[in-house]
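The following note sets out several points for a colleague who is examining this model.

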Amino acid sequence: MKDYGMVIVGAGEAGARAAVELRTQGWTGAITMIGNEGRHPYERPPLSKHQLVDAAEPVPITILDSNRLIEQNIGFHTNDVAVRINRQVHTVELASGIQLPYERLLLATGANPRKLSVQGNAAKEMLYLRTFADAIRIRERIQPGQRVAVIGGGFIGLEVAASAVKKSCEVTLVEVAPRILMRGVPEEIAKLVEQRHREAGVRFKIGVMIESVDKEVGGEYVISLADGSAVRCDAIVTGIGAIPATALAVVSELEIENGVKVNEMLATSDPDIYAAGDCCSFPHPLYGGKRIRLEAWRNAQDQGTHVAGNMLGAAVPYSALPWFWSDQYDQTLQVAGLSEPTDTTVMRNLGDAGKLFFHVAGDGRLVSVSAMGPTGAFAKEFRLAELLIEKQARPELEALANPGRKLKELLRA
Amino acid sequence: MSNGIWIEACEVDDIEVEDVIRFDHEDRTFAIYRTEKGDFFASDGYCTHEKFHLSNGLVMGNLIECPKHNGRFDIPTGQAKRAPVCVDLKTYPVKIEDDKVFIQI
């Protein structure tokens, strides 16, 4: 019996969940997790939301604290980097020189903010949000009366914009694409989101390229746009997507395809190495094996939990429904499943509770649902819609559109 | 915690079968459940993970799922059943009299 343990590279949501689940499922050998932020695993979703706004200095919401790590007997290198995998002898080499032998290895390395490549002397001064330390930096800059420019109309950019508005900043959001939320959010919802932001006072520059970002004498930033206009501001927060952290997988010659390439069991091209969370792309069984990569909290959590079983030999395909949510002002938006522009969209109007949009494929299958409304109000209906998608149901369009028809009954049908 | 006082929370028919409603009393909030089998239960109203009303969640069998992060609890016992919740939910005794639901707090 080799004394090789389970090694987890990455101490974010996916890595932490996997560590705990390995113990829960009965692994009694060593478990070692490697983080590079010098702090315990914590929840990232609040970073763009209340932790930017709350009056009290925020503290990370810890997923695994010291007590729990000791109780679960999980080893943790809090501030180190895995630089090489020696796949023949099953060891991982850390930047500190430590060599960790592994029975199975999990890559939960996450993703890093995509950097905006732009002309000008202030390109390096733009703020990005990924870590707790990033959030603290942004928090210090969004003070009442400040002019804040947000580049990028995705979830992060919009949430930062909403938080800055709450802090009484003047906010301008710049999006080079034809509309906000181009990736994965249907146009109907994107319109509602944009409208809510406009009501809150956010100004938009949409569908216009950025020519340069400069800092003038006195510290003011100027974002020059291709239409000849300019946005003058005191801080710039850029959220234009994330790039999967694949450096370790690349030097270790694992297959890469939009992230670390894994199969439906979340195994990489090396059967003893797995990947989970933002860093990996995987084929989704509910959508004909379409290869996707998700940057989402729930996916990181679910894949982290799921992969632990497979690392212990279970060989169960991962098939959880893709799911995203975002809180902005008093509104929540949620998207579950994957839709195509060719899908038919049906609206169910819940009145004060918000609006649900069902996306139905050409063969009649419900493939995706999206919703926007006051926080919590549409949650039951949304959850039932998710169950309908998982069941690959083909509900009648009229039934979906009619709030009088209970989704629970459609589910039983 | 329980000081033995029974308070009227709602009518039996206020809750659909396999559903949950919110009940606020003084400065506290509770969730009152009716399961598929027709049994009634009561618990604290907020999820133990983040302060979020469980009454917006979906009841499936004997489980309540928090709508925010999909943590789950066993309704009769309050036991935490699915991450991210790890702290059990406090439950309260329930009785039915004259088609009214009473909980003991």
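1. Extent of the interface. In this predicted model, 23 residues of chain B are in contact with 22 residues of chain A. The area buried between the two chains is about 1,700 Å², and carbon and sulfur atoms give 47% of that area. Within chain B, the residues that lose the most area to chain A are B:Asn56, B:Leu58 and B:Lys68; together they account for 29% of what that side buries.

2. Charged and polar pairs. Seven salt bridges are counted between chain B and chain A. One of the pairs that meet in a salt bridge is B:Glu16 with A:Lys406, whose side chains come to 2.7 Å, N to O. For polar contacts across the interface of chain B and chain A, the rule finds eleven residue pairs, with both residues at pLDDT 80 or more.

3. Elements on the chain B side. Which elements of chain B give two or more residues to the side that touches chain A? They are strand S2 (19-25) and strand S5 (58-60) of chain B. S5(B) gives the most to this side, with three residues. By class, the side of chain B that touches chain A has nine charged, eight nonpolar and six polar residues.

4. The hairpin that includes S2(B). Strand S2(B) pairs with strand S3 (residues 28-34) of chain B in the antiparallel sense, over seven bridges. Within this pairing, B:Ile21 stands opposite B:Ile32 in S3(B). Two residues lie between the strands of the hairpin, where B:Glu26 takes a positive phi near 50°.

5. The three-stranded sheet. Chain B also holds an open sheet of three strands in the order S1-S11-S10, with antiparallel pairing. Strand S1 (6-11) and strand S10 (94-97) of chain B each have a single partner strand and stand at the edges, so one side of each is left without a neighbour in the sheet. Neighbouring strands of this sheet are turned by 30° against each other on average, direction ignored.

6. How many bridges join S10(B) to strand S11 (residues 100-104) of chain B? There are four, and the two strands run antiparallel. As to individual residues, the bridge partner of B:Ile96 in S11(B) is B:Val101. In general, strands of a sheet pair through backbone hydrogen bonds, either parallel or antiparallel.

Conventions: Residues numbered from 1 in each chain as written. Chains lettered and ligands numbered in written order. Predicted model: local features only at pLDDT ≥ 70, side-chain atom pairs only at ≥ 80, totals over all residues. Heavy atoms only, no water. Pairing = 2+ DSSP bridges. Axes fitted to C-alpha atoms, helices over the stretch in contact; angles between N-to-C directions. Contact = heavy atoms within 4.5 Å. Buried area = accessible area lost by both parts, 1.4 Å probe. Salt bridge = Lys/Arg side-chain N within 4 Å of Asp/Glu carboxyl O. Polar contact = N/O pair within 3.5 Å; in protein donor to acceptor, adjacent residues only side chain to side chain. Nonpolar A, V, L, I, M, F, W, Y, C, P; charged D, E, K, R; others polar.
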